[in-house]
Amino acid sequence: MSRPKKTSVPELQSQLLTWFSRHRRAMPWRAPKGVRPDPYHVWLSEIMLQQTTVVTVGPYFTKFIQKWPTVQDLAKAKQDDVLAAWAGLGYYARARNLHKCAIEVTQKHGGAFPRTIEGLLELPGIGPYTAAAIASIAFDQPAVAVDGNVERVVSRFFAIGEPLPFSKEAIRKGAAELALGNPHPGDFTQAFMELGATVCTPRKPKCVLCPWREDCAALKKGIAEELPRKAPKPEKPVRYGKVFYFANGRGEFLIHKRQGQGLYEGLYQLPTTEWIANRAAARRLPPPVKAARLESLGAEVRHSFTHFDLILEIWTGHTKNTVLAGAAWVSAENLEKYALPTLMKKAIRLCSQGKPAKTA
DNA sequence: TATACGTGGAA
DNA sequence: TTTCCAAGTAT
């Protein structure tokens, strides 16, 4: 791979580490400079940070550490409680795997995380990036963690014009060339990502502040902001359905544990129809339980998922329920005990303030 | 290799 | 309003 100036790799590494020692941001999971972080903290934060911003993760991380100070504590928790604490963070498979992983680490590894990439990779929820991040940050092993930040930095540094995801292999090679042999793997991993997060940003990169500006091929070519190129994304379909707010006259309404696998698996929800592509057909869908006095609220919830947009009509009505698995009558005050996805919280909010559910 | 899997903030 | 995207993993 070609570079404009050809500063030696050890010198580049030194430049980045020096830059990081000055610009390292404080984060709840980050140990003070020079202090080895708790592997449990590193692991928990890395799982939470997958596809999620630092700002969003902060309060969740603090809450988890307070509730479950050690990996053994987390292993002892009920999955329902873990999901409830995770509610709102998204990608709930992460929370299910987090709990499984805590149990495995406690039962099969005596409460100590494996120190090698191979060992870490066997744990649920830990993939190539996270394994390398934990190995380097928690144990100072020479592992190269390639996340979205690093992909962007490397794409620009070497001016890799091939679009993602096809360029992944070239990026991995470039990242390894820049990282391998550095004297402080834990700091280097964090520095690499920090550079991407704060300087080598997706839009309007602050190239004048970059410790690698002299050697950056994309900057030299004037195409830094254009990289990395990405393959076009498929269009998002829209799906339609209804949700039902069944009140019981005592300030409570019905929720139940969602059945099946995949989306929102193991979380609670308002009773809902299927979510389908045909809007007219969706309007004719019946509720999942026998109900009386059904009435459209005249409101809808819109929610955008990664791979489809959703529009749900909100209905009120009455039911004796009894059919739905994992059903519970809840009031607005004890909702935080249940794992309710943001979509459902939006719907509930509209119901409880918009038109107070008519009571029996 | 491609697709499923959440959410909130910025431009 | 729409689009992009943020410390990816599982299948």
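**Reading helix packing and a DNA surface**

Reader: Which residues of H3 meet which residues in H5?

Author: On the H3 side you'll find Tyr 60, Lys 63, Phe 64 and Lys 67, and they meet Val 82, Ala 85 and Trp 86 in H5. Contact here means heavy atoms within 4.5 Å, and helices are DSSP runs (H or I, at least four residues) numbered from the N terminus. By class, this contact of H3 with H5 has 5 nonpolar, no polar and 2 charged residues. Nonpolar covers Ala, Val, Leu, Ile, Met, Phe, Trp, Tyr, Cys and Pro; charged covers Asp, Glu, Lys and Arg; the others, Gly among them, are polar.

A quick heads-up: this is a predicted model, where local features need pLDDT of at least 70 and side-chain atom pairs count only at pLDDT 80 or more, while totals for chains, interfaces and linings use all residues. Residues are numbered from 1 along each chain as its sequence is written, chains are lettered from A and ligands numbered from 1 in the order in which they are written, and side-chain values use heavy atoms, leaving out hydrogens and water.

Reader: At what angle do H3 and H5 pack?

Author: Two packed helices are described by the angle between their axes and the distance between the axes. Axes are lines fitted to C-alpha atoms, for helices over the stretch in contact, and angles run from 0 to 180 degrees between N-to-C directions. Here, H3 (residues 54-67) and H5 (residues 79-86) pack at about 150°, with axes 10 Å apart. That makes H3 roughly antiparallel to H5 (over 145 degrees).

Reader: And how do the axes of H1 and H11 cross?

Author: Those of H1 (residues 9-23) and H11 come within 9 Å and cross at roughly 75°, which makes H1 roughly perpendicular to H11 (65 to 115 degrees). Their contact includes Trp 19 and Phe 20 of H1 and Phe 188 and Leu 195 of H11. By class, the residues divide into 8 nonpolar, 4 polar and 2 charged.

Reader: What lies 2.5 Å from a phosphate oxygen of DNA strand C?

Author: That's a backbone N or O atom of Gly 125. A polar contact is a pair of N or O atoms within 3.5 Å.

Key. Helices (H or I, at least four residues) and strands (E, at least two) are DSSP runs, numbered from the N terminus. Angles under 35 degrees count as roughly parallel, over 145 as roughly antiparallel, 65 to 115 as roughly perpendicular and the rest as oblique. A polar contact is a pair of N or O atoms within 3.5 Å; within protein, one must be able to donate a hydrogen and the other to accept it, and residues adjacent in sequence count only if both atoms are side-chain atoms.
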